[in-house]
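The structure is shown first.

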Amino acid sequence: MNRFEIITGDLTTVSTQAIVNAANNTLLGGGGVDGAIHRAAGPELLEECRTLGGCPTGQAKLTRGYQLPAQYVIHTVGPIWQGGEANEEQLLHQAYLSCLQLAVEHGIKTVAFPSISTGAYHFPVNRAAEIAVSTILDFLKTDDTLEQVLLVCHDERTAIVYHIALDQYPNKR
Ligand code: ADP
């Protein structure tokens, strides 16, 4: 089995050990995948998030998963797209990397990501997909503890873009 897979579906139903939340800097809930994760996890997730004091863009913090099938939620904050001159690409790379590093630090073996920043934060999907795929696959080359990393796209159009990025790796960065 490949250690990295792109699938289409609802991240809140995925039973990897951890799922990644594309949160905002407050970690106090939002729309999109964040709203879906909080609804599925129940109110205790928000209670734990209140104790974390927010999260800078590009970093990540861990909570329990409560009512989710996943044991943990790794909350990260992707950049808001502002046209490409505001360090957005590096910050998106850093967001994926922070999640992978946090997972390894906690002995997590299986983790599922959403397409960070490509919803309300408007990062162009094709460039975001290249960054996500290259960051994850470069990381897996250096790590032998993670057994499975999923990229869960909510719709087929997004999944097609991620599959193209995977086909083109490692030629593009
Ligand atoms: P951001 O603010 O980082 O852009 P969003 O949640 O608005 O985050 O969007 C990120 C991606 O998550 C989008 O591609 C959106 O379609 C997707 N998404 C929304 N709900 C879910 C879900 N339940 N499972 C997986 N992906 C989801």
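## Make-up of the ligand shell

The shell around the ligand consists of six nonpolar residues, seven polar residues and one charged residue. The model is a predicted one. In total, 14 residues surround the ligand. Asp 10, Val 33, Ser 117, Gly 119 and Ala 120 are the closest of these.

Among the contributors to this shell, helix α1, which spans residues 32-41, gives the most, with three residues.

## Polar contacts and cover

For Asp 10, a polar side-chain atom lies 2.8 Å from a ligand nitrogen atom. For Thr 118, a polar side-chain atom is 3.4 Å from an oxygen atom of the ligand. The backbone contributes as well: a backbone N or O atom of Gly 119 lies 2.8 Å from a ligand oxygen atom.

On its own, the ligand has 560 Å² of accessible area, and the protein covers 88% of that area.

## Gln 82

Gln 82 is located in the loop that runs between strand β4 (72-76) and helix α3 (88-105). Is this residue buried or exposed? The relative accessible area of Gln 82 is 61%, so the residue counts as exposed, the cut-off being over 50%.

Gln 82 and Phe 123 are separated by 41 residues in sequence. In space, their C-alpha atoms are 8.3 Å apart.

Note on methods: Residues are numbered from 1 along each chain as its sequence is written. This is a predicted model: local features need pLDDT of at least 70, side-chain atom pairs count only at pLDDT 80 or more; totals for chains, interfaces and linings use all residues. Side-chain values use heavy atoms; hydrogens and water are left out. A residue is near a molecule or strand if one of its heavy atoms lies within 4 Å of it. A polar contact is a pair of N or O atoms within 3.5 Å; within protein, one must be able to donate a hydrogen and the other to accept it, and residues adjacent in sequence count only if both atoms are side-chain atoms. Accessible areas come from the Shrake-Rupley method with a 1.4 Å probe; for residues, only the protein chains shown count as cover. Helices (H or I, at least four residues) and strands (E, at least two) are DSSP runs, numbered from the N terminus. Ala, Val, Leu, Ile, Met, Phe, Trp, Tyr, Cys and Pro count as nonpolar, Asp, Glu, Lys and Arg as charged, and the others, Gly among them, as polar. Buried means under 20% relative accessible area, exposed over 50%, partly exposed in between (1.4 Å probe, protein chains only).
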